Amino acid sequence: FIGVGFCGGLTTFSSFAADVLMLIQAGRRPAAAAYAVGSILAGLLALLVGLVLGGWISGAAPTAFGWV
């Protein structure tokens, strides 16, 4: 299962990088920047939501970051 997750992460990152590169090569630098920043922020938001929901479901609030 670890190998599948690792390979899945590599292919996801490769697709993300290829999309950004294609936008840059097409001369759409603002779109590439917005896509890159938006994707990273969306991923961080999903992480935060997952931590909060996981803590709520388990009854133990996550405290590893101190601000959650």
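I looked up Leu47 and found it in helix α2; helices (H or I, at least four residues) and strands (E, at least two) are DSSP runs, numbered from the N terminus. The model is predicted: local features need pLDDT of at least 70, side-chain atom pairs count only at pLDDT 80 or more, and totals for chains, interfaces and linings use all residues. Residues are numbered from 1 along each chain as its sequence is written, and side-chain values use heavy atoms, with hydrogens and water left out.

I noted Leu47 as partly exposed because its relative accessible area is 46%; buried means under 20%, exposed over 50%, and partly exposed in between (1.4 Å probe, protein chains only). Together with Val37, Ile40, Leu41 and Leu44, Leu47 makes a nonpolar surface patch of about 480 Å². Patches are made of residues with over 30% relative accessible area and no salt bridge, nonpolar side chains (Val, Leu, Ile, Met, Phe, Trp, Tyr) being joined within 5 Å. A salt bridge here is a side-chain nitrogen of Lys or Arg within 4 Å of a carboxyl oxygen of Asp or Glu.

**Helix α2**

I checked the span of α2: its 30 residues reach 43 Å from first C-alpha to last, close to the 44 Å expected at 1.5 Å a residue. The expected span is 1.5 Å times one less than the number of residues. I listed Ala32, Ala36 and Gly55 as the buried residues of α2. Their cover includes α1, contact being heavy atoms within 4.5 Å. Just after α2, I found Gly59 with a positive phi of about 85°.

**Aromatic rings**

I then looked up the rings of Phe, Tyr and Trp (its six-membered ring), which pair if their centres lie within 6.5 Å; planes under 30 degrees apart count as stacked, over 60 as edge-to-face and the rest as tilted. I recorded two aromatic pairs by this rule. Phe13 and Phe16 form a tilted pair, 6.3 Å centre to centre with 45° between the planes. Both lie in helix α1 (residues 2-25), three residues apart, about one turn of the helix. The rings of Phe16 and Tyr35 have centres 5.7 Å apart and planes at 35°, so this pair is tilted. The pair links distant parts of the chain, with Phe16 in helix α1 and Tyr35 in helix α2 (residues 29-58), 19 residues apart. Phe13 counts as exposed because its relative accessibility is 55%, whereas Tyr35 is partly exposed at 32%.

**Whole protein**

I noted two helices and zero strands. Of the 68 residues, 7% count as buried.

Technical notes:
Patch = residues over 30% accessible without salt bridge, like charges linked within 9 Å, V, L, I, M, F, W, Y side chains within 5 Å. Areas by Shrake-Rupley, 256 points an atom, 1.4 Å probe, with all protein chains shown as cover.
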